[in-house]
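Hi,

Here is the structure I promised to pass on. Please open it first, then read my notes below.

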Amino acid sequence: MELTEVRAVAARLKEQVHRVVIGQDEAVDLLVAALLSEGHVLLEGVPGTAKTLLARAFASCLALEFNRIQFTPDLMPGDVLGTSLYNFATQQFSLTRGPVFTEVLLADEVNRTPPKTQAALLQAMQEKKVTAGGQTYGLDLPFFVLATQNPIEQEGTYPLPEAQLDRFMFNIQVDYPSEEEEIRIVETTTSPTSQAAEIVLHADDILRTQALVRTVPVDSHVLRYAIRLVRATRDDTIPQVKQYVSWGAGPRAGQNLILGAKVRAVMNGRPIPSVEDIREIAHPVMRHRVVTNFNADADGVSTDDIIDMLLEGVKE
């Protein structure tokens with residue numbers, strides 16, 4: 001597979017998803033970018049904005065095993081990972097594998113369950129492995145997590161631990177549709193006809209594409225800009241940022257900025273990423289990695305506002 005083919009594959013993926021999902025162009029672009037760069041995605045938005053539909057439509061374009069977990073307050077880690085049961089015939093414990101043993105996992109409303117259960121996904125997302133009953137099991141590749149969550153201000157939600165948020169490549173904000181899009185949504189969903197997405201990629205194609213994306217070269221000034229952007233969340237480069245941040249972004253933010261810029265450049269038919277690619281994905285890469293403090297809450301400053309300050313204050 002060549003880089004030109006990657007662009008064509010990405011275009012077909014987006015086309016098929018849009019047969020089911022109306023609008024949400026940025027979210028679809030970021031989903032494709034995350035898949036092709038081995039990242040996981042967190043979709044955040046109020047109920048009814050098609051987060052689950054978007055995740056299911058995207059998964060249906062992939063010839064991969066798909067499992068869904070509906071996260072609820074009473075869900076236990078064993079419901080995610082599986083349970084070790086004693087086999088009296090063999091006199092040994094064996095693992096009854098849970099839904100995490102799949103290739104595409106939809107973690108629906110992941111912040112409706114307590115942190116103990118949320119943390120069950122940590123090792124799987126980072127290492128592509130699961131430890132249960134004292135044994136470590138590898139997951140099939142590619143392994144891709146699509147998680148949805150409601151805004152943490154809503155009733156019955158538990159904020160995701162920072163360590164788990166850091167495992168997501170992108171935090172995608174799924175907003176309300178425009179008026180024209182909402183008209184099309186209502187018109188389409190209340191009529192007897194519907195369209196289904198077709199399969200675009202198989203497992204081997206995805207693995208080859210992911211390996212190819214990593215071979216895309218990056219100019220040193222683009223790399224240094226990405227790192228300066230990340231480090232500015234932790235140092236005194238921009239004083240107005242420092243006063244609003246408790247914890248800044250770590251090295252994974254820089255890694256994901258570069259990988260995201262690579263795949264974005266390829267999807268747009270360019271051989272190498274630019275600073276503009278870094279700037280375009282800065283919000284979804286960093287908004288869940290910057291922890292604000294009381295001053296930010298008091299002044300109504302969000303993480304997106306802080307990233308805007310970074311993009312304005314950090315020079316190329």
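**The sheet and its helices**

Strand β1 (residues 41-44) pairs with β10 in the parallel sense, over 4 bridges. In this pairing, Leu 43 stands opposite Ile 172 of β10. Keep in mind that this is a predicted model.

Both strands belong to an open sheet of 5 strands. Its order is β3-β6-β9-β1-β10, and the pairing is parallel. The edges are β3 (66-70) and β10 (170-173). Each has a single partner strand, so one side of each is left without a neighbour in the sheet. On average, neighbouring strands are turned by 15° against each other, direction ignored.

Helix α2 (residues 25-36) lies across β1, β9 (144-149) and β10, and runs at about 165° to β10. Helix α3 (residues 51-60) packs on the sheet and touches β1, β3, β6 (104-108) and β9. The direction of α3 makes about 165° with that of β9.

**The hairpin**

Strand β4 (residues 82-87) runs antiparallel to β5, and 6 bridges join them. Ser 84 stands opposite Leu 95 in β5. The two strands form a hairpin with 4 residues between them. In the turn, Gln 91 has a positive phi of about 55°.

Look at Phe 93 too, in strand β5 (residues 92-97). Is Phe 93 buried or exposed? Its relative accessibility is 60%, so Phe 93 counts as exposed; the cut-off for exposed is over 50%. Together with Tyr 86 and Phe 88, Phe 93 makes a nonpolar surface patch of about 400 Å².

**Salt bridges**

The whole structure has 12 salt bridges. Arg 252 forms a salt bridge with Asp 166, with the closest N and O atoms 2.6 Å apart. Arg 252 sits in helix α12 (residues 251-267), 86 residues from Asp 166. The side chains of Arg 289 and Asp 166 also meet in a salt bridge (2.6 Å, N to O). Arg 289 lies in the loop between α13 and β13 and Asp 166 in the loop between α7 and β10, so this pair ties together parts that are 123 residues apart in sequence. Both Arg 289 and Asp 166 are buried, whereas Arg 252 is partly exposed at 25% relative accessibility.

Best wishes

Definitions and conventions. Residues are numbered from 1 along each chain as its sequence is written. This is a predicted model: local features need pLDDT of at least 70, side-chain atom pairs count only at pLDDT 80 or more; totals for chains, interfaces and linings use all residues. Side-chain values use heavy atoms; hydrogens and water are left out. Patches are made of residues with over 30% relative accessible area and no salt bridge: like charges are joined within 9 Å, nonpolar side chains (Val, Leu, Ile, Met, Phe, Trp, Tyr) within 5 Å. Accessible areas come from the Shrake-Rupley method with a 1.4 Å probe; for residues, only the protein chains shown count as cover. A salt bridge is a side-chain nitrogen of Lys or Arg within 4 Å of a carboxyl oxygen of Asp or Glu. Buried means under 20% relative accessible area, exposed over 50%, partly exposed in between (1.4 Å probe, protein chains only). Two strands pair if DSSP finds at least two bridges between them. Axes are lines fitted to C-alpha atoms, for helices over the stretch in contact, and angles run from 0 to 180 degrees between N-to-C directions. Contact means heavy atoms within 4.5 Å.
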